[in-house]
Amino acid sequence: MDTRSLGSLTVPVVGLGCMGMSEFYGTTDDDESIATIHRALDLGCTFLDTADMYGPFTNERLVGRAIAGRRDEAVVATKFGNERREDGSWVGINGRPEYVTAACDASLTRLGIETIDLYYQHRVDPRVPIEETVGAMASLVTAGKVRHLGLSEAAAATIRRAHATHPIAAVQSEYSLFSRDVEAEVLPAVQELGIGFVAYSPLGRGFLTGAYRRPADFPEGDSRSERFPRFSRENFAHNLGLVANVEQLARTKGCTPGQVALAWVLARSPHLVAIPGTKRRRYLEQNVAAAYVELTEDDLVWLDEHVEHPAGDRYADMRTVNG
């Protein structure tokens, strides 16, 4: 697979988001999830994204089991900062320097590795100056526990301050045909600073694949319709109409709607990679194939014009993003 640069870190253009393997998106199957990670490594989709809060904690353990014996093939990214207890209850956003070190040590243990390739602050803690948090993260690089640093859902001004403290390799934010707010300030900032961009949920949390035709189609235990206003009953029909336009273009390209949506994201910048999440091998293979879907300039313009202004915010509480 083609690769791109996140600062000085080289990764494949399509990675694998592992969150849904452990929580939030319905039932889980560890055996199929591990098989999916193994298939990803086989296909060159070696950029694996997890976080300590997923599960909580179980997703890092799952990824650790999957890469045991294949560590050299994987680029492992994980995150800290959304603090949860073992029982799943929420503590809050934590960017205190002492917590940074403790969280990293715990992640290394769960993953069963000696060094994290890319370590993100999952959400910016408004109570702690970003210089203090990133300073603590930089000490992890010095100690050999982390290779590269990243931020998730940070505002452009925060990114600039963080990068002045220690080089930031990547900024991760939600980005898709349905979520384009980073285009105003974040994408120009990272391009100016030479920072890579990692697009999570590039398929609109699966909605842009066309797999969901009504709210009841989400599987049992799936929290999307509860956590994300775009999937609520009052917004569903409008947004489904936008998906129909993606499906229309997909038919002309001879590919799936999800592949069109993913190809659109990959076309936005040569310094951008995407990490669509899946827990099944067949969807992983579709996502990897999207790296080879070519959209013309006319295709891109058409999508911009026909898939815009989705109804509903991307989170029920937007206060924790763009921090």
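**View 1. Phe57 in the loop between S4 and H2.** Phe57 is buried, with a relative accessible area of 11%. In this predicted model, Phe57 sits in the loop between S4 and H2. Its phi is near 75°, a positive value in a residue that is not glycine. Pro56 lies in the loop between strand S4 (47-49) and helix H2 (58-67). The peptide bond from Gly55 to Pro56 is cis, with omega near -5°.

**View 2. Asn322 after helix H11.** Asn322 is found in the segment that follows helix H11 (297-306). Here too phi is positive, at about 55°, although Asn322 is not a glycine. Asn322 is partly exposed, with a relative accessible area of 35%.

**View 3. Phe47 and the nonpolar cores.** Nonpolar side chains tend to be buried together in soluble globular proteins. The largest nonpolar core has 98 residues. Leu6, Leu16, Ile37, Phe47, Leu118, Tyr175 and Phe197 have the most contacts inside this core. Neighbours within four places in sequence aside, the contacts of Phe47 include Leu6, Val11, Pro12, Gly15 and Leu16. Also among them are Val75, Ala77, Leu118, Tyr120, Val198, Val273 and Ile275.

**View 4. The salt bridge between Glu131 and Arg161.** Side chains of opposite charge can pair when their charged atoms come close. The side chains of Glu131 and Arg161 form a salt bridge, 2.8 Å from N to O. This pair joins distant parts of the chain, 30 residues apart. Glu131 belongs to helix H4 (residues 130-142), and Arg161 to helix H5 (residues 156-165). Glu131 is partly exposed, at 31% relative accessibility. Arg161 is also partly exposed, with a relative accessible area of 39%.

**View 5. The salt bridge between Arg205 and Glu174.** In this pair, the closest N and O atoms are 3.6 Å apart. The link spans distant parts of the chain, 31 residues apart. Arg205 is in the loop between strand S11 (196-200) and helix H7 (224-227), while Glu174 is in strand S10 (residues 170-174). Arg205 and Glu174 are both buried. They belong to a salt-bridge network that links Glu153, Glu174, Asp181, Arg205 and Arg314.

**View 6. The salt bridge between Arg214 and Asp217.** Arg214 pairs with Asp217 in a salt bridge, the closest N and O atoms being 3.1 Å apart. Arg214 is exposed, with a relative accessible area of 52%. Asp217 is partly exposed, at 27%.

Terms used:
Residues are numbered from 1 along each chain as its sequence is written. This is a predicted model: local features need pLDDT of at least 70, side-chain atom pairs count only at pLDDT 80 or more; totals for chains, interfaces and linings use all residues. Side-chain values use heavy atoms; hydrogens and water are left out. A salt bridge is a side-chain nitrogen of Lys or Arg within 4 Å of a carboxyl oxygen of Asp or Glu. Helices (H or I, at least four residues) and strands (E, at least two) are DSSP runs, numbered from the N terminus. Buried means under 20% relative accessible area, exposed over 50%, partly exposed in between (1.4 Å probe, protein chains only). A nonpolar core is a set of buried Ala, Val, Leu, Ile, Met, Phe, Trp, Tyr and Cys residues joined through side-chain atoms within 4.5 Å. Contact means heavy atoms within 4.5 Å.
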